[in-house]
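Hi,

Here is the model I said I'd pass along.

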Amino acid sequence: MEALPAFSVPSLHISTSTAPDITSAIRKPMFPNLHLNSTLSLHDRKKSKARFFTALSPTVSTELSTDPPVDDPEIEGSTQKFDWYSQWYPVMPVCDLDKKAPHGKKVLGIDVVVWWDRNETAWKVFDDTCPHRLAPLSEGRIDQWGRLQCVYHGWCFDGSGDCKLIPQAPRDGPPIHTFKKACAAAYPCTVQNDILWFWPNTDPQYKDIITRKKPPYIPELDDPSYTRSMGNRDIPYGYEVLIENLMDPAHVPYAHYGLMRTQQPKEKADREGGRPLELSIETLDINGFTADQGWSNSKFMSPCIFYAYSKPDQPNVSASSADAKKSPSQRKFALIFVCIPVSPGKSRLIWSFPRNFGLWIDKVVPRWLFHVGQNLILDSDLYLLHVQEHKIMDVGPSNWQKACFVPTKSDALVVGFRKWLRKYSGGQVEWRGKYSGFLPPIPPREQLMDRYWSHVVNCKSCKLAYKSLNVVEVALQIISVASVGLVAAMREGMLSAAARNSLVVMAVLSFALSRWLAHFIYKNFRYHDYDHAFR
C-alpha cells in the first residue's frame, strides 16, 4: 500500500533505506516544524523505547525464536480503554461531495447522510433516518428552499435537524412539525484539511464539542506551498487490516511488484529485492504512537490517521528542473492515510500525498489519471488482505500475536498497532453490539475488486472521466457506422477511389479505437483482476 505515492508523483522515488541500529537509545523528536492538534505529542518521551521493545519481545527481535509469544503484562494490566464513540471521524473529502444531492455513508456502523445546507453555507451530517417512517434521507433531495427533503412523504428539515414541513398536516391544525419527535438527528460536524469530520453522538451536550476537542490537524494539507490532491475508496476488508497494511513497507516489493520503484539492495536475494528494514516504535499510548521507518518518521493518530513524513536529511526524491534550486532538505513530502472503520469487513480509505515540489504536475495532469494507478496498487493486494482477514477472524483478533509469526523488525509498526489495539480496545473495534462478530462471506472476485461502486461513483474526477470516455466511445462507433454507410450508399463514380478508401480506413480505425477505449474503460473504471503469478 505504501506504493500508492508512486502514481501520485511520476518522478517520486520512495526509498526504504535502513537506519543505523540505535534501539538502545532514546530518539529526539523528528518533527520540529509539525504542529498537530492532537493529545499525542511528538515530544512525549515518557516511555523509553528500550522498555517498549521489551514489551514486544520476541516478535520484533532480529533473532528467530521458536518460543510462542507470551502475554504482555503491560497489556493485561492496562486500565485505560479507548472510547471509539468520543472521537472525530472523517467522512469524505469535500472535493468529492456534490452540493446538489445528499450522500449516504456509513462510519463506525452508523448510517449517516451528508448534505450541503446553502442557507448556512455549511456541510451537515444527519442520522440517515427520517423520523416519520424511518426511510433513508440519503435517498432524498435538496428542495428549492435549500432544505433536506425525505422523498417518501416530503418531510423537510433545516440544517439543525428541525422539521420545517409535514405536507400531510393540516395548515390550520396544531404545529406538529415543531414536536421534538419530528426532528432529524443531527451530528456535530466540521470541515478541516478539506475533509468533512463528524462526532458520532447526537446528544445535545456534544453540540459544541468542536470548542473542546478538534480533529487531528495536518498543516501540509492547508499549506499552499504543498500539493493536496486527494482520493478515496471503499475497501472490502476491515479497518484493522487496512491500517496495519499501510504501516508495512516490507510487502511493497512483492505485493506491488512492478508498480513502483523501490531502492534495491546491492546484493539481491531474489528478483523483487526484498531486504531487512530497521523499523522501530518510539512512543506508544492511548492516543497512538510515533515511529522511525528509516526513510521517514511516522505517526499513528488514533483512531484513523497514519502519517509518514520524509526526514529533512533524506535526499530520496527526484525533482524537476524547476525545483532544482531547492536543496534535498527543502524538498519534502508526506504520506497521509485516513482509515475509516465502516463495519466488520469494510472500511474506507482517504489518501493524500502532499509535497512542496513539482506542483505543476497536479495542475496539468487530471486527478483521475493518478487514481488509475493508485487503484491498481490497491487492487494488487486486495484479495490477499480480504482472505487474510477471514483467517484472523477464525483464530480470534485477540490471538493475532499468537497466530502470526513476526520475527523481524520490518513488522515493528504492525506489531505496534496490534499492541495498541489489544491494550486499549481488546484487539478490535468496538461496534456496541451492532454486529454479531461475523464477517461477510467472500464474494466473487469481480464483485470484490469492483472499482465503479467502490471508487468511481464517489470521485468527481473519475465519474466525469468515465462519462466523457463513454461519450467518446459511442461517438467513435457512430463515426465507424456512418463511414461504412456512406461508402455503401454512394453509387460508383460519385466518390473517388481515394475518398472511398479514406472512408473505409476511417471506419476501421474508429471501430478499432472504440473497442480499445471500451477495454480501457472497463479495465480502469469497472474491474481489473490482478494475477501475481504472471507479474
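The largest pocket has a volume of about 630 Å³. A pocket here is an open set of points on a 1 Å grid over the protein atoms alone, where a 1.4 Å probe fits, with protein on both sides within 12 Å along at least five of seven lines; lining residues have an atom within 4 Å of a point. Grid points are joined across faces, edges and corners, and the volume is the space filled by probe spheres set on the points. There are 26 lining residues, and Ser160, Ala186, Tyr187, Thr202 and Lys207 are the closest to the centre.

Before going on: this is a predicted model, with local features needing pLDDT of at least 70, side-chain atom pairs counting only at pLDDT 80 or more, and totals for chains, interfaces and linings using all residues. Residues are numbered from 1 along each chain as its sequence is written, and side-chain values use heavy atoms, leaving out hydrogens and water.

Back to that lining: strand 4 gives the largest share, five residues. Helices (H or I, at least four residues) and strands (E, at least two) are DSSP runs numbered from the N terminus. By type, the lining has 15 nonpolar, five polar and six charged residues; Ala, Val, Leu, Ile, Met, Phe, Trp, Tyr, Cys and Pro count as nonpolar, Asp, Glu, Lys and Arg as charged, and the others, Gly among them, as polar.

The second largest pocket comes to about 550 Å³. Its lining has 25 residues, with Asp234, Ile235, Pro236, Lys346 and Ser454 nearest the centre.

Now the helices. The axes of helix 7 (367-380) and helix 12 (460-489) come within 8 Å and cross at roughly 100°, so the two are roughly perpendicular (65 to 115 degrees on this scale). Axes are lines fitted to C-alpha atoms over the stretch in contact, with angles from 0 to 180 degrees between N-to-C directions. Arg367, Trp368 and His371 of helix 7 meet Lys460, Ser461, Cys462, Ala465 and Leu469 of helix 12, contact being heavy atoms within 4.5 Å.

Lastly, there is an open four-stranded sheet, order 5-6-7-8, with antiparallel pairing (strands pair if DSSP finds at least two bridges between them). Strand 5 (141-142) and strand 8 (163-165) are at the edges with a single partner strand each, so one side of each has no neighbour in the sheet. Strands 5 and 6 pair over two bridges, and Ile142 has Leu148 as its bridge partner in strand 6.

Cheers

How values were computed. Parallel < 35°, antiparallel > 145°, perpendicular 65-115°, else oblique.
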